Amino acid sequence: MSDLRRRNLARLIDPKSFAVIGATDDPLRIGGRPIDYSLKHGFKGKIYPVNPKRETIQGLKAYPSISDVPEAVDTAIVALPAPLVAETVEACAARGVGACIVFSSGFSELGAEGEAMQARLTEIAQRTGIRVLGPNCLGAFNAASGWTGTFSSAPSVDPTVPGPIAIASQSGAYGGHIYNLARKRGLRVGRWVTTGNESDIELSECISYLLDDPEVKVVMSYAEGIRDGAGLKAAFAKARLLKKPIIMVKVGRSEVGAAAAASHTAALAGTDAVIDGMMRQYGVYRAEDANEMLEVAYGCQQGHFPDGNKVGFITISGGLGVQMADSAAALGLDVSEFSKAGQAKMLELFPFAAARNPVDVTGQAFNDRDAIAKCLKIMMEEGDYDVVISFFTAVAALPEIARDIVETLKPVRAARPDKHLFFSILASEENRRFYESNGYPMFDDPVPAITAANGLMYFGQAFAADRGAPPVLPDAAFPVPAHATSEHEAKKILASAGIPVVRERLAASADEAAAAAADLGGRVVLKIASPDIAHKTEIGGVLVGVEGEEAVREGFSALMARAADKRPDARLDGIIVSEMVSGGVECVIGVQRDPVLGAAVMFGLGGVLVEVLKDVSFRLAPFSVEEAHRMIREIKGFKILEGVRGAPAADVDVLAEALAKLSVFAAANEERLDSIDINPFIVLPEGKGAVAVDALIVPSAGDAE
């Protein structure tokens with residue numbers, strides 16, 4: 001982004017002056033709300049209503065046009081019919097306006113004519129440097145300055161107050177909904193931006209800018225589609241570096257590429273699946289809905305992100321304690337037993353307690369006013385927990401008990417600010433604020449508290465993780481060719497990049513096949529070699545377990561005849577003679593070039609069920625061996641690689657190295673590549689390595705010959 005464009009983006013998000021073109025005296029109309037809101041919220045800068053039919057608007061002097069405004073305002077809000085917008089933005093650029101917020105609808109969402117008008121806005125922005133938010137957006141606000149450049153009803157329902165939360169949303173209506181929910185939840189949203197049709201300013205740019213604001217501690221985002229994949233990756237990387245959580249709701253499910261019929265990877269790689277992998281890769285929390293997003297953001301407000309996942313529970317209800325433990329276990333959290341020393345101290349205080357974890361102190365704990373504070377102190381000091389969640393329903397809502405708890409725990413908080421204590425208490429608004437002001441998040445029900453704790457620890461682990469560096473691509477690595485490759489050629493290319501492949505020979509005659517089999521020794525696999533036949537098994541083009549010279553010769557002749565009969569149009573290179581690989585775990589690894597995000601590497605267990613169960617993980621290329629290990633452990637079937645029912649553990653280290661090397665190869669060949677499919681990739685028992693048994697490389701459509 002050029003310096004001018006970035007400065008003008010700053011003039012939009014934190015303006016010192018603004019104009020409203022299409023301003024009205026009615027504070028309830030679209031052209032009147034930004035003026036009314038900004039006046040009520042204490043905006044200290046200059047406001048210039050623009051309307052040729054009025055001399056004053058809402059008590060302010062009105063101007064006939066933007067050229068008549070006495071200064072080059074930072075931002076102009078455009079609330080005019082769509083056909084008038086482009087010439088208005090052009091006039092704003094000529095006047096030196098930094099940015100325009102276009103409320104007007106009737107652009108790309110309405111078809112070709114609207115798309116043409118929107119394209120003109122993009123052209124004006126790129127040519128002049130003026131920034132355009134929208135069209136068809138609800139605007140932005142900055143609570144710190146009182147700037148409220150929106151016609152959303154949200155600020156009238158809950159007036160803006162400065163705070164550490166920022167919202168960036170493509171949808172204006174949903175962005176307003178999130179804001180109202182956040183305010184009701186007690187979150188202070190200090191920055192709010194909606195991008196609408198994104199003719200110029202798009203979501204990732206807003207997220208990146210908000211992350212640079214020292215007042216912003218957490219970003220909540222709503223996305224429907226991604227236009228700038230590189231920009232989003234850069235924003236996510238910045239958030240991880242700054243240790244600022246991004247919680248995103250991303251909607252929309254779609255598959256990419258017509259090559260799905262030719263590749264397992266392509267069939268499994270939808271844009272949404274790739275985005276999900278990217279979020280995990282960069283430590284962005286993907287929420288399923290607004291409620292989950294709000295609870296995680298609420299839990300993250302205090303900062304101090306623990307890098308473990310151990311959670312302790314203290315409750316006055318044994319049954320609810322079990323429910324809490326079940327919910328935590330379902331999220332993969334560690335509900336380990338309370339320490340022996342802690343249990344002893346707890347039982348000394350409450351002989352009737354169940355002290356393992358969840359710790360059930362029963363309702364009798366409140367017979368002694370000081371006791372509940374003491375048991376919390378024991379739990380925090382003696383339990384090696386990253387987060388402790390307590391369920392006390394309405395009993396601990398009494399102001400006297402709240403003060404005892406806060407005072408008793410002050411030394412613990414001072415010594416270990418990284419250890420969190422969440423409360424599930426039905427408290428009054430005043431008592432809730434008392435707990436919150438002392439750093440204790442409050443929840444009506446313990447299950448949302450578990451959701452928040454999970455999010456807090458997710459970020460702690462993401463921020464602390466060793467990302468490592470991607471391996472170096474060998475100088476001798478072959479590039480992806482422009483032509484479609486046969487299996488044998490594909491494996492030669494992958495082997496040059498450091499991917500382990502099965503030993504094999506390409507035979508053009510029965511004599512060559514027999515010699516290759518003798519050289520490899522033992523039983524072999526015979527396969528048709530053709531760049532035009534992706535799925536050899538569908539034409540009977542594979543023979544397994546062939547042994548002996550005569551059997552190999554007969555197999556060669558049978559496969560060549562079968563291919564000529566079933567696929568007379570196909571080019572035949574001969575027969576692949578491959579060693580038999582026995583044992584190990586069949587996996588599938590591959591690459592799919594996403595049209596927005598670039599090359600994405602996929603991993604999953606192999607076999608016919610992979611496309612049905614879709615138990616796969618993705619990462620954007622390139623990445624390190626460390627990241628590959630995290631990727632491998634994300635699939636539900638990972639335990640199979642650890643060894644089940646007496647089977648030995650698989651060589652996961654070699655698998656991780658292969659994934660990382662494949663990612664580097666994919667990144668280097670991104671523009672030449674459509675997809676890579678390695679299926680099966682057999683991971684042998686620990687210490688014995690892994691091999692690619694079959695492979696397919698599909699060049700990009702623009703390069704294919």
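The model is predicted, so local features need pLDDT of at least 70, side-chain atom pairs count only at pLDDT 80 or more, and totals for chains, interfaces and linings use all residues. Residues are numbered from 1 along each chain as its sequence is written, and side-chain values use heavy atoms, with hydrogens and water left out.

The structure holds 22 aromatic pairs. Rings of Phe, Tyr and Trp (its six-membered ring) pair if their centres lie within 6.5 Å; planes under 30 degrees apart count as stacked, over 60 as edge-to-face and the rest as tilted.

Select Y48 and Y63 first. Their rings form an edge-to-face pair, 5.7 Å centre to centre with 65 degrees between the planes. Y48 belongs to strand β2 (residues 46-50), and Y63 to the loop between β4 (60-61) and β5 (75-78). Strands are DSSP runs of E, at least two residues; helices are runs of H or I, at least four; both are numbered from the N terminus. Y48 and Y63 are both buried (under 20% relative accessible area, 1.4 Å probe, protein chains only).

Next, select F423 and Y435. Their ring centres are 4.9 Å apart and their planes are at 45 degrees, so the pair is tilted. F423 lies in strand β18 (residues 420-425) and Y435 in helix α16 (residues 429-437), so the pair ties together parts that are 12 residues apart in sequence.

Then select Y285, F305, Y458, F459 and F463, which form one aromatic cluster.

Finally, select R185 with Y298: R185 lies over the face of Y298, 3.8 Å from the ring centre. A charge sits over a ring if NZ of Lys or CZ of Arg is within 6 Å of the ring centre and within 35 degrees of the ring normal. The charged end of K61 likewise sits over the ring of Y63, 5.1 Å from its centre.

Note on methods:
Buried < 20%, exposed > 50% of the residue type's maximum accessible area, 1.4 Å probe, protein only.
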